[in-house]
Amino acid sequence: MKVAVDMNKCQDHGQCVFAAPDVFRLDASGRLAYLSDPGDAFRADVEEAADVCPMQAIRIEA
């Protein structure tokens, strides 16, 4: 599983961090950082993060 975030859409609301804290985090400057290849063990959490993203900036790729 690959995770892609459109950083032009992302506004760093952080909802993904709550849904999938092992994959998404806010860095020291408050910007989103994430694992682009977290592995299938985190699929459910990443799907939840994509669903709750207010900007719909998260994509899951095979």
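This is a predicted model: local features need pLDDT of at least 70, side-chain atom pairs count only at pLDDT 80 or more; totals for chains, interfaces and linings use all residues.
## Overall fold

The chain is built from two helices and four strands. Read from the N terminus, the order of elements is β-α-β-β-α-β. The radius of gyration is 10 Å, close to the 11 Å that the globule rule gives for 62 residues, so the chain is as compact as a globular protein of that length. Along its principal axes, the C-alpha trace spans about 30 × 20 × 15 Å.

## Surface and burial

How much of the chain counts as buried? The figure is 34% of the 62 residues. The accessible surface comes to about 3800 Å². Carbon and sulfur atoms hold 48% of that surface.

## The cavity

Rolling a probe the size of a water molecule over the atoms shows where empty space is left. Here the count comes to one cavity of 30 Å³ or more. The largest cavity holds about 110 Å³ of space. Its lining is made up of 14 residues, and those closest to the centre are Cys10, His13, Gly14, Cys16 and Cys53.

What is the make-up of the lining by class? Nine residues are nonpolar, four are polar and one is charged.

Ala49 lies in helix α2, which covers residues 43-52. Is Ala49 buried or exposed? Ala49 has a relative accessible area of 0%, so it counts as buried. Setting aside neighbours within four places in sequence, Ala49 is in contact with Cys16, Ala19, Ala20, Phe24 and Ile58. Cys16 is also one of the residues closest to the centre of the largest cavity. Val23 is 26 residues away from Ala49 along the chain, and their C-alpha atoms are separated by 9.5 Å.

Glu47 belongs to helix α2 as well.

Met7 sits in the loop between β1 and α1. Its relative accessibility is 31%, so Met7 counts as partly exposed. Beyond neighbours within four places in sequence, Met7 is in contact with Arg31, Leu32 and Tyr34. Met7 and Ala19 are twelve residues apart in sequence, and their C-alpha atoms are 18 Å apart in space.

Asp12 is in the loop between β1 (2-5) and α1 (15-19). Why does Asp12 count as buried? Its relative accessible area is 19%, and buried means under 20%.

Most residues other than glycine have a negative phi. Two residues here depart from that pattern. Asp12 is not a glycine, but its phi is positive, at about 60°. Gln56 is also a residue other than glycine, and its phi is near 50°, again a positive value.

Where does Gln56 lie? Gln56 is in the loop between α2 and β4 (58-61). With a relative accessible area of 48%, Gln56 is partly exposed, whereas Asp12 is buried.

Note on methods
Residues are numbered from 1 along each chain as its sequence is written. Side-chain values use heavy atoms; hydrogens and water are left out. Buried means under 20% relative accessible area, exposed over 50%, partly exposed in between (1.4 Å probe, protein chains only). Contact means heavy atoms within 4.5 Å. On a 1 Å grid over the protein atoms alone, a cavity is a set of points where a 1.4 Å probe fits but cannot get out, and a pocket is an open set with protein on both sides within 12 Å along at least five of seven lines; lining residues have an atom within 4 Å of a point. Grid points are joined across faces, edges and corners, and a volume is the space filled by probe spheres set on the points. Ala, Val, Leu, Ile, Met, Phe, Trp, Tyr, Cys and Pro count as nonpolar, Asp, Glu, Lys and Arg as charged, and the others, Gly among them, as polar. The radius of gyration is taken over C-alpha atoms; the globule rule is 2.2 Å times the number of residues to the power 0.38. Accessible areas come from the Shrake-Rupley method with a 1.4 Å probe; for residues, only the protein chains shown count as cover.
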